[in-house]
Amino acid sequence: MSYTNNYTPSSERTVPKSELYGPEPYDINFAFPLHPETLDALRVKLVPFVPRVHAETYWENVKDHRDTLYRYYPRFCHTLDEWLEWHELLFRRNPYEILLAVIDKTRPDPAHADWGGSLAGLVGLINTSAKNLQMEPGWIMVFPAFQHTHVAKEMIAVSLNYILQLPTESPPGLGFRRAQWVANSLNVPSFKLAERMGFKREGTLRHAVVIPVENGAYGKKGRAGDAYPGLSSRDSAFLSLCWDDWENGEKEKVQALLA
């Protein structure tokens with residue numbers, strides 16, 4: 001039997017500097033309806049992250065705290081341009097993922113009065129499968145000034161409403177069957193927050209993600225002689241909140257947080 005293998009590795013994707021902030025007007029390029037009325041709650045609202053609008057404020061809140069804010073991430077960005085390239089490639093050019101800016105409506109920002117509050121963090125809607133009706137709130141970040149407040153719980157509550165509510169309900173959602181949560185298994189605050197929001201622990205995938213050298217202390221030693229010498233990998237804890245959990249009591253608990 002004869003065969004050939006004509007595979008050639010694709011070149012690394014890059015974004016020209018002129019495209020880091022996306023097109024103008026900005027195209028979120030998202031495959032699903034956003035339902036602004038669902039994403040806007042009493043004290044927080046989620047809106048598409050638009051680099052020309054939000055990026056500078058994001059970086060001002062992050063640049064001096066990257067060691068702590070990025071420590072459990074499988075990505076570490078050193079500059080705003082590096083982060084913008086990551087956002088453009090991972091989110092805007094992928095119609096099944098979107099990054100949302102979290103606005104804390106209880107804290108006005110005089111410099112951005114049109115926001116209706118202050119930029120408090122980010123939450124992505126990622127790892128979406130329309131075929132399997134699942135979506136994950138991920139790449140979650142709450143800026144230091146907004147930690148240990150209502151922001152974290154309520155941004156997740158709004159995300160869950162959006163993912164799990166049926167399109168015919170009020171407020172409307174996507175009507176998916178599964179909301180997933182994935183966290184570095186060492187990130188106890190993350191999966192404890194998920195459990196408080198009704199997610200159920202499903203298990204741990206060992207050595208699931210190779211992590212950057214900056215975050216090596218938050219992973220497990222890699223294997224000598226493999227493709228990534230010197231890089232650690234992390235175990236990932238998986239949790240879920242599914243439609244039957246939602247319809248059997250979790251919906252009321254989550255929505256009570258937003259009342």
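Predicted model: local features only at pLDDT ≥ 70, side-chain atom pairs only at ≥ 80, totals over all residues.
Local features need pLDDT of at least 70 and side-chain atom pairs count only at pLDDT 80 or more, while totals for chains, interfaces and linings use all residues. Residues are numbered from 1 along each chain as its sequence is written, and side-chain values use heavy atoms, with hydrogens and water left out.

On a 1 Å grid over the protein atoms alone, a pocket is an open set of points with protein on both sides within 12 Å along at least five of seven lines, a cavity is a set where a 1.4 Å probe fits but cannot get out, and lining residues have an atom within 4 Å of a point. Points are joined across faces, edges and corners, and volume is the space filled by probe spheres set on them.

The largest pocket takes up about 1,200 Å³. Its lining runs to 39 residues, with Tyr-72, Ile-140, Met-141, Asn-187 and Ser-190 nearest the centre. By class, that lining holds 22 nonpolar, 11 polar and 6 charged residues (nonpolar: Ala, Val, Leu, Ile, Met, Phe, Trp, Tyr, Cys and Pro; charged: Asp, Glu, Lys and Arg; polar: the others, Gly among them).

The second largest pocket comes in at about 220 Å³, and its lining includes Arg-13, Arg-75 and Trp-86.

The largest has about 60 Å³ of space, and Phe-49 and His-87 are among its lining residues. Trp-86 turns up again in the lining of the second largest cavity, which has about 40 Å³ and a lining of 9 nonpolar residues, with no polar or charged ones.
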